[in-house]
Amino acid sequence: MKKKFPRLPDSELEVMMALWNGHPDMTRLEVETYLNRKKHLALTTVLSMLTRLEKKKFVSVKKDGRTNLYNPLVTREAYQQQESRSVLEKLYGNSLKSFVVSLYQSEGIGREELEEMEAFLREVEKKEE
């Protein structure tokens, strides 16, 4: 059975995105710099979010002198898979077709994306043969 993660608020998810897009052993300053490309956050806000993520077991922290180094414990892929499954179950009754129809009707996907999905489905079929 796969490990279940709590759903993250957008602010904490942004911190995780910084860690996923960054490098191993990121400092608080590096995380803050990444986040501040979109909006300015106070040092204490970033520190609070990192502390909450550590308590939720999303992030590990190790000391290097007076500096904390942060690493994600949950992979982007694992979190995306869980969130995707959750949206599919809650909003679309586990119907992938309903989800794709909704995206298509809202102009959320176009011809190019449909062709990508078709190519992906052909790949999956080949692997299952």
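Colleague: What should I know about the model before we start?
Modeller: It's a predicted model, so to speak of a local feature we need pLDDT of at least 70, side-chain atom pairs count only at pLDDT 80 or more, and totals for chains, interfaces and linings use all residues. Residues are numbered from 1 along each chain as its sequence is written, and side-chain values use heavy atoms, with hydrogens and water left out.

Colleague: What makes β1 and β3 a pair?
Modeller: Two strands pair if DSSP finds at least two bridges between them, and strands are DSSP runs of E, at least two residues long, while helices are runs of H or I of at least four, both numbered from the N terminus. Strand β1 (residues 26–27) and strand β3 (residues 67–72) have 2 bridges, in the antiparallel sense, so they pass as a pair.

Colleague: How many bridges join β2 to β3?
Modeller: There are 6, and strand β2 (residues 59–64) runs antiparallel to β3. Ser-60 stands opposite Asn-71, and Lys-62 has Leu-69 as its bridge partner. The two strands form a hairpin with 2 residues between them, and Gly-65 in that turn has a positive phi of about 70 degrees.

Colleague: Why are β1 and β2 called edges?
Modeller: The open sheet has 3 strands in the order β1-β3-β2, paired antiparallel. β1 and β2 each have a single partner strand, so one side of each is left without a neighbour in the sheet. Helix α1 (residues 10–21) packs on this sheet and touches β1, β2 and β3, its direction making about 90 degrees with that of β3.

Colleague: Why is α1 called roughly perpendicular to α3?
Modeller: Axes are lines fitted to C-alpha atoms, for helices over the stretch in contact, with angles from 0 to 180 degrees between N-to-C directions. α1 and helix α3 (residues 43–55) pack at about 85 degrees, with their axes 10 Å apart. Under 35 degrees counts as roughly parallel, over 145 as roughly antiparallel, 65 to 115 as roughly perpendicular and the rest as oblique, so α1 is roughly perpendicular to α3.

Colleague: Which residues of α1 and α3 meet?
Modeller: Contact means heavy atoms within 4.5 Å. Ser-11, Glu-12, Val-15, Met-16 and Leu-19 in α1 meet Met-49, Leu-50, Arg-52 and Leu-53 in α3. By class that contact has 6 nonpolar, 1 polar and 2 charged residues; Ala, Val, Leu, Ile, Met, Phe, Trp, Tyr, Cys and Pro count as nonpolar, Asp, Glu, Lys and Arg as charged, and the others, Gly among them, as polar.

Colleague: What does Arg-76 touch?
Modeller: Arg-76, placed in helix α4, touches Met-17, Trp-20 and Asn-21, not counting residues up to four places away in sequence. Its C-alpha atom is 9.5 Å from that of Leu-19, 57 residues apart along the chain.

Colleague: What makes something a pocket, not a cavity?
Modeller: On a 1 Å grid over the protein atoms alone, a cavity is a set of points where a 1.4 Å probe fits but cannot get out, whereas a pocket is an open set with protein on both sides within 12 Å along at least five of seven lines; lining residues have an atom within 4 Å of a point. Points are joined across faces, edges and corners, and a volume is the space filled by probe spheres set on them. The largest pocket comes to about 460 Å³. Its lining has 18 residues, with Gln-81, Gln-82, Ser-84, Arg-85 and Ser-86 nearest its centre, and α4 gives the largest share, 11 residues.

Colleague: Which residues line the second largest pocket?
Modeller: Leu-96, Val-100, Met-117, Phe-120 and Leu-121 do, around a volume of about 160 Å³. By class they are 5 nonpolar, no polar and no charged.
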